Structures are given as structure tokens and as C-alpha cells.
Amino acid sequence: RPAGSDAPQDRPAELTALMTEALDGLCGMRAREGEALAQVLGALALELAGHVQVLGASLAGEAERVHDRLAEKIAALCARADVSPPGPERLAQEVAVLVQRGDIEEELARLASHLDQFRGVLAAPAQVGQGKTLDFLCQELFREITTIGSKITSHAGSAVVIAAKTTVERMREQVQNVE
């Protein structure tokens, strides 16, 4: 502007065209980046769902495995102490307590719910705050998996928990790029 003038100076037409082109390019790039990020996050959510499915399948036969393992340990301890092992009713009570402590059904249900919510946010139209929502859901997913890890007794199950935690960490890293 000329000194002392309050009127805006006319902008050259080519400057407006260049500015519009640059903004269009920026918006297009951000849209492509967002779509790519949504695909990566969707794939990671699918990977995590696979881990959750494996954990759910590992529950089959858990009571029998606990029973057999506990019966062996009690028999060995009683043999060393030269005492009679407890009756089958007492063993069944102890197995029931251990199976209840190791039950991960609630955590699996919450994981499924959080994954559904995560996918819902990814599928929704872009809006402010989605990154924070996804970050919160990642925290909840990690918390549930950690709880499962503290309850699960098999080495195979522990390996799946570690893989699931790794997947959630990768999700968290990607979510940091969502606005």
C-alpha cells in the first residue's frame, strides 16, 4: 500500500491464480495423505482383529489344560511329601478359581468394541478431533491387551499378546499423523 493509504492494493491476477493453484495442490496432497493413512490404519486394525481372534480361539480347552497341569503338579508335590492327593472335588474347585482368574472374555469383548469404534472413526468423514479419538481408542486397546497378557498362561498366548501390543504401537504411531 502507498504510505498513508488505507485502501488495499489491487493484487495482480497471476498472484491470485498462483495462490489458488498452491492451495489446491496442498489440499489435494493432504486428502491423498489422509486416504493413505486411513488405509494403513485400516490394515493395522484388521491385523489386530486377527490377533484378537487367535486369543479368543485359545480359550477353547483352557479349563482342561489348567486341570491337567494342576493335577500333575499336585500329584508330584504329594508324592514328594508322601501324602495322599486331594479328591477330585477339591481339584475341580481349584481349577475353577484359576480358570476364573484367567478368563479374558470381557477383555475380548471390549477389544472388539474398541476395534469397531476405531473402524467407525476411520470410515467417517474427516473432521476435527478424529486424531484424539483414535489415540484414545489405541490407549484402550493397549490397556485391554495388557490385561489379557497378565491373565494368559500359555506361551503361545503370550506371543500373540506381544504381537498384538506391537500392532497397537504401530497404530499409535500412525494416529499421531491424524489431525
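Guide: Contact here means heavy atoms within 4.5 Å. The model is predicted: local features need pLDDT of at least 70, and side-chain atom pairs count only at pLDDT 80 or more, while totals for chains, interfaces and linings use all residues. Residues are numbered from 1 along each chain as its sequence is written, and side-chain values use heavy atoms, with hydrogens and water left out.

Visitor: For contacts in the protein chain with a separation of 6 or more, what percentage comes from residues 24 or more positions apart?
Guide: Take the contacts in the protein chain with a separation of 6 or more. Residues 24 or more positions apart account for a share of 77%.

Visitor: How many helices does the protein chain have?
Guide: Helices (H or I, at least four residues) and strands (E, at least two) are DSSP runs, numbered from the N terminus. The protein chain has 0 strands. Its pattern along the sequence reads α-α-α-α-α-α. The number of helices is 6.

Visitor: What radius of gyration does the protein chain have?
Guide: The radius is taken over C-alpha atoms, and the globule rule is 2.2 Å times the number of residues to the power 0.38. A compact globule of 179 residues would come out near 16 Å. The C-alpha trace spans about 105 × 30 × 25 Å along its principal axes. For the protein chain, the radius of gyration is 28 Å.

Visitor: What percentage of the residues of the protein chain count as buried?
Guide: Buried means under 20% relative accessible area, exposed over 50%, and partly exposed in between (1.4 Å probe, protein chains only). Of the 179 residues, the buried share is 23%.

Visitor: How far apart are the centres of the positive and negative side chains?
Guide: Lys and Arg count as positive, Asp and Glu as negative; His and the chain ends are not counted. Each charge is placed at NZ of Lys, CZ of Arg, CG of Asp or CD of Glu. The protein chain has 18 positive and 26 negative side chains. Their centres are separated by 5 Å.

Visitor: Is Thr167 buried or exposed?
Guide: Thr167 lies in helix 6. Beyond four places in sequence, it touches Leu44, Glu47, Leu48 and His51. Its relative accessible area is 1%, so Thr167 is buried.

Visitor: Which residues does His114 contact, leaving aside neighbours within four places in sequence?
Guide: His114 sits in helix 4. Its relative accessibility is 11%, so His114 counts as buried. Its contacts beyond those neighbours are Leu137, Glu140, Leu141 and Glu144.

Visitor: What is the C-alpha distance from Glu140 to Val168?
Guide: Glu140 lies in helix 5. It counts as buried because its relative accessibility is 15%. Val168 is 28 residues away in sequence.

Visitor: What is the phi of Asp82?
Guide: Asp82 is in the loop between helix 2 (62-81) and helix 3 (88-101). At 71% relative accessibility, Asp82 counts as exposed. Asp82 is not a glycine, yet its phi is positive, at about 60°.

Visitor: How far is Asp103 from Ile148, C-alpha to C-alpha?
Guide: Asp103 is in the loop between helix 3 and helix 4. Its relative accessibility is 28%, so Asp103 counts as partly exposed. Ile148 is 45 residues away in sequence. The distance in space is 8.5 Å.

Visitor: What separates the C-alpha atoms of Gly129 and Val178?
Guide: Gly129 is found in the loop between helix 4 and helix 5. Gly129 is partly exposed, with a relative accessible area of 27%. Val178 is 49 residues away along the chain. The C-alpha separation is 8.8 Å.
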